[in-house]
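Here's a quick briefing on packing and charge pairs. Have a look at the structure first, then go through the notes below.

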Amino acid sequence: MNTIALLELDQLQVHYGSVQALAGVSLRVNRGEFVCLLGSNGAGKSTTLRAISRLVPATGGEIRWRGGDLAKVPAHRTLRLGIGHCPEGRRLLNRQTVAFNLELGAYLRRDRLGISSDLDRCYALFPRLAERRRQQAGSLSGGEQQMVAIARALMGRPELLMLDEPSLGLAPKLVAEVMGVLEALHKQGQTILLVEQNAQAALEIADRGYVLEAGRLQLEGSAKDLLGDEQLRAAYLGQ
Amino acid sequence: MSAALLQILLNGAASGGVYALVALGYTLIFSVLGVINFAQGALFSLGGYLTFLLMGGRIGVNGALPGWHLPVALPFWMALLLAAIGAGVVALLVERVAFAPLRRRGADPLLSLITSLGAGVVLVNLLQILMGAEGYAFPAGAAALEGLPEALLIGGARIRTVQVVLLLISAGAVAALTVWLERSRTGQAMRAVAEDPTAARLMGIHSGAIVRLAFLLSGMLAGLGGGLIGLSVSLAGPYFGISFGLKGLAVLVLGGLGSVPGAIAGGLLMGLAEALIPSAASGWRDALAFAVLFAVLVLRPSGLLGRRLQEKV
Ligand SMILES: Nc1ncnc2c1ncn2[C@@H]1O[C@H](COP(=O)(O)OP(=O)(O)O)[C@@H](O)[C@H]1O
Ligand SMILES: [Mg+2]
């Protein structure tokens with residue numbers, strides 16, 4: 001491909017102390033694409049996102065954003081560059097209201113009108129949050145909290161939206177709702193990198209996928225191919 | 001209300017205001033880092049001495065430069081403001097040497113209790129080398145309060161003007177800080193860092209800068225308290241801030257760790273409780289302060305307005 005990828009990992013390595021969590025991961029996300037990163041617990045999915053957000057340092061390889069090296073960028077600058085990260089475990093400010101959490105997502109923005117129209121957009125996307133906007137985030141159900149986390153990430157208007165297991169711990173009906181929202185966002189042009197253990201749900205809506213195992217990529221391909229892959233079906237889809 | 005009672009209440013509120021300043025200083029740092037800065041008392045001393053020097057006060061015979069004084073003699077208000085800023089800058093330095101290296105290395109935050117205590121001891125000893133161990137009274141007639149009578153009659157009660165000034169300045173500072181934390185964008189960022197620094201960074205907040213801002217502000221609060229007490233009582237030696245630091249710590253726990261309204265309420269309660277003790281029995285004041293603390297904690301382990309203690313998830 002001769003176009004510059006929006007995001008490109010080249011032989012990325014990450015260590016936690018002496019433990020190697022990523023042993024050379026290469027992947028790319030093109031503008032407008034919906035890519036999913038699959039793998040079982042402990043495979044290194046969250047570490048990959050944390051390395052992209054600069055929450056953990058890369059110990060080898062390169063992370064390129066719009067062709068430029070991300071190595072020197074501190075974590076608080078990544079959103080400014082267009083990388084939004086809806087982290088593992090949601091990390092809401094539980095003692096603050098839903099509205100405060102969403103407004104915090106737009107912390108870097110100064111366009112009051114844009115922010116308020118994006119707030120309306122988020123409440124339209126997740127109507128049950130609208131009724132709860134004055135409630136403490138910690139008092140919401142798990143599914144609602146996940147919606148706040150996604151909406152908060154959207155409020156930063158990221159060029160790339162990275163989500164870490166948004167379906168974790170949700171009832172099947174809510175999983176479908178969340179995946180539906182991601183699919184709709186993608187149709188509106190949002191570039192998405194989705195980390196999931198729920199391979200089936202992710203592959204049904206993604207363009208392409210990568211499968212990570214013990215810090216290494218095992219498989220990659222179009223979502224359609226991966227859904228039909230024998231190896232993947234046996235390992236992750238329980239069939 | 002009898003004039004005597006009013007007098008007691010106003011005096012209590014005045015010292016309570018200073019306790020609230022100190023406790024708020026602890027609160028700011030506790031909420032963003034989850035630790036106590038034990039150098040706070042030393043910064044309180046520093047604020048007092050800086051105010052004294054900026055007003056043109058002379059170093060005494062036991063100091064490093066006996067008889068020396070700054071070539072300026074600022075009015076109290078200005079000296080107090082500059083001293084607060086000075087204490088804030090030194091607080092930044094304390095963060096640099098006693099907190100930042102530990103955080104960089106991922107050390108147990110509890111270790112900073114020792115490093116900050118050490119920084120405080122160094123600071124107090126530097127003051128002692130420079131100024132000697134003797135006490136200092138602010139320049140005669142509290143030059144700054146020129147034009148105001150020594151005492152005011154309020155509702156029949158005779159109140160020292162200094163006490164009123166003390167109350168107004170500390171109340172003003174506390175109110176300004178509270179409103180700012182509640183309303184401003186930076187206050188919003190500070191609350192975010194306090195609750196989840198990682199989430200805050202992902203929202204584009206520079207958590208390191210927010211931590212430094214918390215140190216600057218808390219040093220300024222301590223410095224302000226030191227200057228105010230210097231004016232209303234005197235500087236009773238380089239260690240005088242330490243006892244206020246301890247009292248502030250008691251107030252912090254009394255009000256509820258990390259709670260801004262708790263620090264204010266705790267400060268006032270402590271000041272009022274002390275003021276109720278007649279000055280003939282003033283030796284009992286500290287004992288009472290800690291007895292109040294003890295009683296409150298038995299009844300409400302999380303403090304007056306603290307959140308109920310719970311596991312962080
Ligand atoms: N903070 C940490 N310290 C040490 N090891 C960690 C840390 N976080 C993750 N790991 C290890 O790194 C590996 C990858 O973890 P992670 O990226 O969280 O996997 P996943 O998100 O795919 O479940 C695991 O072996 C995990 O135990
Ligand atoms: Mg994970």
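**Salt bridges and nonpolar cores**

A:Arg31 is exposed, with a relative accessible area of 52% (exposed means over 50%, buried under 20% and partly exposed in between, using a 1.4 Å probe and protein chains only). Keep in mind that this is a predicted model, where local features need pLDDT of at least 70, side-chain atom pairs count only at pLDDT 80 or more, and totals for chains, interfaces and linings use all residues. Residues are numbered from 1 along each chain as its sequence is written, chains are lettered from A and ligands numbered from 1 in the order in which they are written, and side-chain values use heavy atoms, with hydrogens and water left out.

**Salt bridges**

- Searching the whole structure turns up 20 salt bridges over all chains (a side-chain nitrogen of Lys or Arg within 4 Å of a carboxyl oxygen of Asp or Glu).
- A:Arg31 pairs up with A:Glu159 in one of these, at 3.0 Å from N to O.
- That pair links distant parts of the chain, 128 residues apart: A:Arg31 sits in the loop between strand 2 (19–29) and strand 3 (34–38) of chain A, and A:Glu159 in the loop between helix 6 (142–155) and strand 7 (160–164) of chain A. Helices (H or I, at least four residues) and strands (E, at least two) are DSSP runs, numbered from the N terminus.
- A:Glu159 is partly exposed, at 24% relative accessible area.
- A:Arg64 and A:Asp10 also meet in a salt bridge (3.7 Å, N to O).
- A:Arg64 is in strand 4 (residues 60–65) of chain A and A:Asp10 in strand 1 (residues 7–16) of chain A, so this pair ties together parts 54 residues apart in sequence.
- A:Arg64 counts as buried at 18% relative accessibility, while A:Asp10 is partly exposed at 33%.

**Nonpolar cores**

- The largest nonpolar core has 91 residues, and B:Phe44, B:Met190 and B:Ile205 touch the most other members. A core here is a set of buried Ala, Val, Leu, Ile, Met, Phe, Trp, Tyr and Cys residues joined through side-chain atoms within 4.5 Å.
- Helix 1 (residues 3–33) of chain B supplies the largest share of this core, 12 residues.
- Leaving out residues up to four places away in sequence, B:Phe44 touches residues including B:Val18, B:Val22, B:Ile229, B:Phe240 and B:Phe244 (contact means heavy atoms within 4.5 Å).
- A second, separate core of 49 residues includes A:Ala99, A:Val178, A:Leu203 and A:Val211.
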